[in-house]
Amino acid sequence: YGPTRKYVERLKIVLANGDIIDLRRGELHVDAQGRIKIPLASGAAIEAKLPTYRMPEVRKHASGYYVTPEMDVIDLFIGSEGTLGVIVEVEVKLLPKPGGFLSGVVFFDSEERLLAFVREARERSLASRGTSPTVREGSALDARALEYFDAESLNFLRQKYPTIPEAAIGAIFFEQETSAENEEQLMTEWLSLLERHHALADESWFATNEQDQAKLREFRHALPVLMNEWFARYQQRKVSTDMAVPDKEFAGMLKFYQDGLRGG
């Protein structure tokens with residue numbers, strides 16, 4: 001559902017000197033010159049100025065203190081990892097529980113087609129969220145997960161899942177929330193998108209009930225489990241981390257990693 005930040009409504013924070021501040025979204029903002037003033041119960045106030053760096057141009061990140069012009073002060077503390085104070089209470093917004101899910105592991109015989117599919121699915125999902133306040137209950141294509149398996153990943157997984165198509169050089173796990181009213185329409189939309197990007201649709205896996213979804217989630221999580229077993233067996237170590245780049249740069253960054261790893 002994107003960054004957690006937008007769901008945080010209130011924080012109660014204990015500062016290093018023992019003072020307690022209670023911040024509710026919308027009540028305290030940074031001024032036009034980037035200055036912060038937080039009143040304390042004692043009548044004193046904390047005054048500071050925002051850092052001058054620019055935030056990364058990505059939709060989701062964890063890159064230092066959050067900074068935007070005239071921002072809500074609560075956003076400075078969200079993601080500060082305890083460096084500005086200890087958060088002792090949090091109030092968050094909740095979303096309605098989904099009525100159901102449509103899930104799939106979709107295979108492709110071309111990475112170019114796979115990336116084109118991801119690009120359109122992402123663009124349509126973002127556009128859908130921007131145009132309707134009730135998108136989670138609507139009928140528009142709106143993936144809540146798009147996860148990539150490359151050729152090496154599929155080769156590694158074939159030891160446990162021999163039904164992975166031989167022609168597949170990549171796969172995408174997707175998941176979308178559904179309701180009884182829109183499930184059929186959403187399945188039609190996803191199948192149309194897959195057909196347009198020449199996925200191996202007949203050999204792909206789909207799930208709408210809990211039993212089949214559990215199988216897809218097991219497949220989704222099998223790769224790190226198998227990798228951990230392999231590293232333990234051969235007494236190797238691994239480094240796992242996340243990366244974030246602007247959407248338009250994703251294909252280029254992926255190629256950079258692939259070329260580097262294959263060249264090494």
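Here are a few friendly notes on this predicted model, taken point by point.

1. Let me start with strand β6, which covers residues 100–108. Nine of its nine residues are buried, so the strand is largely enclosed by the rest of the structure. If you like to check such things face by face, G100, L102, G104, V106 and F108 lie on one side, while F101, S103, V105 and F107 lie on the other, and all of them are buried. Side chains in a regular strand alternate between the two faces of the sheet. Here, both faces of β6 are covered.

2. Which strands does β6 pair with? One is β8 (residues 170–178), joined to β6 by nine bridges in an antiparallel arrangement. As a handy landmark in this pairing, F108 stands opposite G170 of β8. Another is β9 (residues 205–207), also antiparallel to β6 and linked to it by three bridges. Within β9, F206 is the bridge partner of G104.

3. Next, the nonpolar packing. The largest nonpolar core contains 20 residues, and F107, L157, I164 and F219 have the most contacts inside it. Contributions of at least two residues each come from β6, β7 (145–149), α3 (151–157), β8, β9 and α5. Helix α5 provides the largest share of this core, with five residues. In soluble globular proteins, nonpolar side chains tend to be buried together.

4. Setting aside neighbours within four places in sequence, L157 is in contact with F149, I164, F219, A222, L223 and L226. Two of these partners, I164 and F219, are listed along with L157 among the core residues with the most contacts.

5. E70 has a positive phi of about 50° although it is not a glycine. This residue is found in the loop between β4 (45–49) and α1 (74–77). Is E70 buried, partly exposed or exposed? Its relative accessibility is 49%, so E70 counts as partly exposed, the cut-off for exposed being over 50%.

6. Q235 is the other one: its phi is also positive, at about 50°, and it is not a glycine either. Q235 lies in the loop between α5 (210–233) and α6 (250–263). With 73% relative accessibility, Q235 counts as exposed.

Technical notes: Residues numbered from 1 in each chain as written. Predicted model: local features only at pLDDT ≥ 70, side-chain atom pairs only at ≥ 80, totals over all residues. Heavy atoms only, no water. Helix = DSSP H or I, 4+ residues; strand = E, 2+ residues; numbered from the N terminus. Buried < 20%, exposed > 50% of the residue type's maximum accessible area, 1.4 Å probe, protein only. Pairing = 2+ DSSP bridges. Core = buried A, V, L, I, M, F, W, Y, C linked by side-chain atoms within 4.5 Å. Contact = heavy atoms within 4.5 Å.
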